[in-house]
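Here are a few notes to read with the structure open beside you. Follow each point on the model as you go.

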Amino acid sequence: MLENQVNYIREITELIPETAIILGSGLGRLAERVRDKITVSYADIPDFPVSTAPLHKGELILGYLEDKCVLLFNGRLHLYEGYTPQEAVMTVRLAKALGAKNIILTNASGVINKSFKCGDIMLISDHISCFVPSPLIGKNDDSLGVRFPDMSAVYNKNIRTLAKKIAKGLDVTLREGVYVQLTGPQFESPAEIKMLASLGADTVGMSTVIEAIAAKHSGLKVCGLSVIANYACGILDKPLTAEEVAESTEKAAPEFEMMIRGLIRTL
């Protein structure tokens, strides 16, 4: 399956990306900045899932950003869409197979840590994965990675240090913390947020962690950036809406874009 997907892309372009980026909800504007780009719909790639989530276009983009060859997935694949964990990480495995060495995973998240605020960008230092099934369950493909991969340093320390320097130079407030993935699509309950806070989670969302596991398994250097789009349930006395997420990510988009471009430029 993966071989067929690679062959299909290679019939269109021979570009080899250095860095891949998975764009989260409301963060697709970066795709407009790519030069000399080649765009392929997920629907045209053999046996590749189609993104059905709102604000996710479902297209693969190869081209140049900051004079570096990049691969963008403008739209991710979620468990709540009905996809298996293995299907949801096909973006990551395709990125590796196309030659990427680094991957930047982005998302819009709900904030649990009350010292953070909406519109902040959080650098993911670690994650909690125990609420979602692992994408590595089943027969291991030794060509992708080892049977029991180490998860003690999923988010590359050198890239995190670089991200902090970039943020300081841009005068961007960059938080750092632990992200937890739940399946969704429902937002979390107040009791669940209290539980996650007690476990040490700073933000919560419906993606990213299984992608990070697959990326680490395959030897990619991982960076995680989370735009804080809303206060998690129970933090404020009001209901949560998808519209709130879209509005917050739109406001954070300029700083987010500067961070990504700075990383691409210096990786």
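1. A quick word on pairing before we start: two strands count as paired when DSSP finds at least two bridges between them. Keep in mind too that this is a predicted model.

2. Take strand 1, residues 19-23, and look for its neighbours. Over 5 bridges, it pairs in the parallel sense with strand 4, residues 68-74.

3. Is strand 1 mostly covered or mostly open? Mostly covered: 5 of its 5 residues are buried. Both faces are covered, with T19, I21 and L23 buried on one side and A20 and I22 buried on the other.

4. In soluble globular proteins, nonpolar side chains tend to be buried together. The largest core in this model has 45 residues, and F48, L60, L71, F73 and I103 have the most contacts inside it. Helix 6, residues 209-217, gives this core its largest share, 6 residues.

5. Which residues does L71 touch, leaving out those up to four places away in sequence? Among them are T19, A20 and I21, and the list also includes P17, L60, I61, L62, A95 and L98.

Definitions and conventions: Residues are numbered from 1 along each chain as its sequence is written. This is a predicted model: local features need pLDDT of at least 70, side-chain atom pairs count only at pLDDT 80 or more; totals for chains, interfaces and linings use all residues. Side-chain values use heavy atoms; hydrogens and water are left out. Buried means under 20% relative accessible area, exposed over 50%, partly exposed in between (1.4 Å probe, protein chains only). Helices (H or I, at least four residues) and strands (E, at least two) are DSSP runs, numbered from the N terminus. A nonpolar core is a set of buried Ala, Val, Leu, Ile, Met, Phe, Trp, Tyr and Cys residues joined through side-chain atoms within 4.5 Å. Contact means heavy atoms within 4.5 Å.
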